[in-house]
There are 2 protein chains.
Amino acid sequence: MEDRTYTADAEPGTTATVAGWVHEIRDLGGIAFLIVRDKSGRIQVKLEKDEMDEELVETGLEASRESVVRVVGDVKEEPRAPTGVEVVPTEIEVVAEAETQLPLDPSGKVDAELPTRLDNRTLDLRREEAKAVFEIRAEVLRAVREAFRDFAATEINTPKIVATGTEGGTELFPITYFGEEAFMNQSPQLFKQLMVGSGLERVFEIGPIFRAEEHNTPRHLNEATSIDFESAFFDHTEAMDVCEAVVKAAYEAVAENCERELEALGLEEEFEVPDGEFPRLTYEEAIERINATGELDEQLVWGDDLPTEGEHALGQDVGEHYFITDWPSEIKPFYIKDHDDDETLSTGFDMMHPRMELVSGGQREHRYDRLIEGFEQQGLPAHEFEYYTKMFKYGMPPHAGWGLGGERLVMTMLGLGNIREAVLFPRDRQRLSP
Amino acid sequence: MEDRTYTADAEPGTTATVAGWVHEIRDLGGIAFLIVRDKSGRIQVKLEKDEMDEELVETGLEASRESVVRVVGDVKEEPRAPTGVEVVPTEIEVVAEAETQLPLDPSGKVDAELPTRLDNRTLDLRREEAKAVFEIRAEVLRAVREAFRDFAATEINTPKIVATGTEGGTELFPITYFGEEAFMNQSPQLFKQLMVGSGLERVFEIGPIFRAEEHNTPRHLNEATSIDFESAFFDHTEAMDVCEAVVKAAYEAVAENCERELEALGLEEEFEVPDGEFPRLTYEEAIERINATGELDEQLVWGDDLPTEGEHALGQDVGEHYFITDWPSEIKPFYIKDHDDDETLSTGFDMMHPRMELVSGGQREHRYDRLIEGFEQQGLPAHEFEYYTKMFKYGMPPHAGWGLGGERLVMTMLGLGNIREAVLFPRDRQRLSP
């Protein structure tokens with residue numbers, strides 16, 4: 001195709017070809033403006049009815065909204081145009097005509113409900129706000145990978161089709177794999193642990209995870225993006241240090257590189273990079289503080305998992321990202337190591353945004369005998385995980401790591417109301433298409 | 001954990017803590033050397049039997065191979081040591097003891113068959129060669145993403161659980177999704193096309209794809225990593241330009257940043273960044289050249305797909321990366337656009353390494369009516385793809401793109417014999433675990 005100029009790059013004094021969507025036509029009588037929108041922004045195309053070629057003007061005026069057009073013309077300075085420039089066209093071509101009835105209005109003048117938006121993501125992402133979320137999401141992933149590499153971690157890809165789930169047979173989607181039963185993996189946990197015992201030592205993965213949980217909330221997905229980190233020779237506190245640095249790196253990159261997107265979301269003033277260290281509360285402190293808020297009907301006691309309302313109350317109380325450490329061993333999975341000096345206390349940690357949990361991590365149990373005991377205590381069939389457990393007999397270093405929900409990171413960063421706004425094509429109990 | 005020094009960074013004149021695996025113990029009588037291996041390399045730890053603490057020496061000498069050890073000591077220059085330095089230990093701790101019978105030998109002295117290696121990836125990736133492949137794989141993915149961003153493409157993630165396959169119901173793994181039938185996606189094709197019609201315009205994705213093909217060859221996987229690109233306002237030649245640039249960027253990054261890994265693989269001399277433009281052969285030229293080699297029993301005629309032996313013969317003949325363009329429309333999928341001046345010719349292209357196909361791409365059919373015709377011609381139920389087709393009614397720009405097999409790129413780049421060597425945990429008909 002011929003060279004095309006982004007609307008944002010159209011320089012006065014040049015002849016340019018711009019291509020994009022018909023955002024709007026403003027007909028003022030003798031003069032009309034065709035607003036063409038592309039990835040970079042919008043530009044005004046001037047149609048002078050009595051002075052320009054009749055067919056040219058007609059093509060411009062009759063183009064339906066959201067049609068794809070190609071305009072060749074001279075770019076002129078025009079202080080009254082929204083971007084200070086306009087195109088005086090010599091050629092207008094409708095490249096792809098849009099039906100006049102649109103399922104949603106990309107100009108954003110008419111609000112659409114979330115299900116309509118998700119059914120029509122192509123049109124939805126022509127809106128600046130929706131597009132901004134996904135440009136930011138891409139920048140978050142870029143920045144996170146760069147931060148991992150700064151920590152000398154190697155990117156890995158682990159299988160999504162597995163014979164056994166990470167935490168047993170619950171909440172897995174079953175697959176038929178050449179006549180055998182298999183599952184879609186709910187977490188790269190066991191595989192990333194196998195890799196820290198290899199010569200790679202420190203690894204990360206960003207990939208899909210699949211959870212057949214029947215919840216239907218604004219913060220759960222059945223297919224999500226997990227950001228995973230694991231390092232040999234790390235304890236849980238070092239894993240927390242990396243976690244904090246990675247999350248901060250994501251915020252910093254967005255602050256630095258996504259000015260236009262933050263503006264589209266109306267966040268240019270509000271957006272704040274977390275500063276200072278994330279407070280580290282023990283589980284015991286956490287339940288005390290939740291109880292002290294008086295928000296729960298029943299007081300929490302040692303061993304309780306934190307209910308959603310408890311997390312909310314504590315999040316409001318703390319008011320910034322924070323860790324909860326030293327959980328009761330009994331409510332953390334078998335692969336989390338207990339403290340050496342107190343077996344009832346685990347090295348597991350969660351990292352929380354005031355609105356919700358973002359990260360779950362901990363030091364892992366690297367001792368073969370203790371690992372097998374852990375399987376037994378949680379009623380899991382250790383023999384089904386032999387591919388994993390046997391590697392712990394051949395020199396498995398102490399290690400620690402965590403998993404961060406990619407969509408939750410974006411959702412909390414941008415204050416989105418529903419996690420589905422942070423996924424192009426979300427999967428939930430009701431939604432399997434598009 | 002205390003600060004640990006990578007063996008490669010241990011500076012003479014300092015006291016250091018190194019941690020890693022027992023690579024080897026060389027007992028020379030009065031003196032013995034414990035070789036400790038970590039991610040960065042290896043270091044020699046000197047054990048002087050009569051002069052050092054007896055227990056310390058014993059701990060070192062009795063450590064089984066591949067046990068994890070932690071050594072504190074003074075780093076000294078020692079010209080006779082393999083790295084020019086050695087550690088004179090004051091402390092040796094066996095952190096995780098390895099069983100003496102290992103399923104494979106990470107020192108590389110005893111070769112292991114591929115199935116044994118795949119069953120024991122943790123140990124396998126303690127070998128320099130195996131580790132090098134995956135360090136290079138990570139660098140390839142990094143470089144490819146950077147190249148995409150240089151082309152102003154936005155990273156996207158599309159769903160892996162889908163209601164319908166890209167090319168109909170064949171070769172899909174079925175899933176039970178909350179009682180409904182669903183599939184694991186075989187390609188992000190349709191979703192990335194939906195996104196070029198959005199305000200993103202140009203997108204890329206690196207993610208898993210799933211193909212239930214029953215082949216069992218050294219170059220097929222049932223779960224693979226697809227590197228996908230798609231851009232609005234591009235034709236197939238522009239898509240080919242980006243394809244060529246991205247593949248070259250991957251080679252350049254490996255040449256520049258993976259010296260140690262190339263050396264481990266014995267490729268430091270051999271490794272070449274493709275220079276010059278990749279030749280672009282038409283399908284017609286390709287079958288003529290294959291026929292001219294005389295390697296096939298039967299001459300190919302127009303409309304034949306290229307058999308594997310034909311690809312090999314042509315690859316040997318061309319001797320570098322090349323494109324095959326202008327395929328017969330009838331053997332390319334419905335979403336590939338035909339040439340405007342000849343409907344029997346498609347804009348589809350393949351990009352080939354001399355050994356095998358790496359990329360498949362083309363300009364896409366963006367006209368709604370023609371797209372629906374294409375479904376009908378290929379006997380696919382258009383109504384099942386309405387989530388996709390309907391967006392073509394609302395201003396879908398001309399667009400083009402391609403998909404590149406990530407493992408094939410690494411395999412051909414490094415001359416690996418089997419594609420499974422480029423995946424940590426490959427999935428094939430026989431292999432579902434680990």
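Predicted model: local features only at pLDDT ≥ 70, side-chain atom pairs only at ≥ 80, totals over all residues.
The account begins with the barrel. In chain A, five strands form a closed barrel, arranged in the order β1-β2-β3-β5-β4, and the pairing among them is mixed. From one strand to the next, the twist averages 50 degrees. One pair may be examined in detail: strand β3, covering residues 41–48 of chain A, and strand β5, covering residues 85–96 of chain A, pair in the parallel sense over two bridges. Within this part of the chain, A:Val45 has A:Val87 in β5(A) as its bridge partner.

Attention now turns to the annotated positions. An unreviewed UniProt entry lists A:Glu167, A:Arg211, A:Ser360 and A:Arg364 under "binding site". Two of these residues are described below.

A:Glu167 is located in the loop that lies between β7 (161–162) and β8 (174–177) of chain A. Because its relative accessibility is 37%, A:Glu167 counts as partly exposed, a class that lies between buried, under 20%, and exposed, over 50%. When residues up to four places away in sequence are not counted, A:Glu167 touches A:Gln186, A:Pro333, A:Tyr335 and A:Leu380.

A:Ser360, by comparison, belongs to a strand, namely β17 of chain A, which comprises residues 356–363. Is A:Ser360 buried, partly exposed or exposed? Its relative accessible area is 33%, and therefore A:Ser360 is partly exposed. Setting aside neighbours within four places in sequence, A:Ser360 is in contact with A:Lys332, A:Phe349, A:Asp350, A:Trp402 and A:Gly403.

Technical notes:
Residues numbered from 1 in each chain as written. Chains lettered and ligands numbered in written order. Heavy atoms only, no water. Pairing = 2+ DSSP bridges. Helix = DSSP H or I, 4+ residues; strand = E, 2+ residues; numbered from the N terminus. Axes fitted to C-alpha atoms, helices over the stretch in contact; angles between N-to-C directions. UniProt positions renumbered as here; feature names shortened; annotations may be inferred. Buried < 20%, exposed > 50% of the residue type's maximum accessible area, 1.4 Å probe, protein only. Contact = heavy atoms within 4.5 Å.
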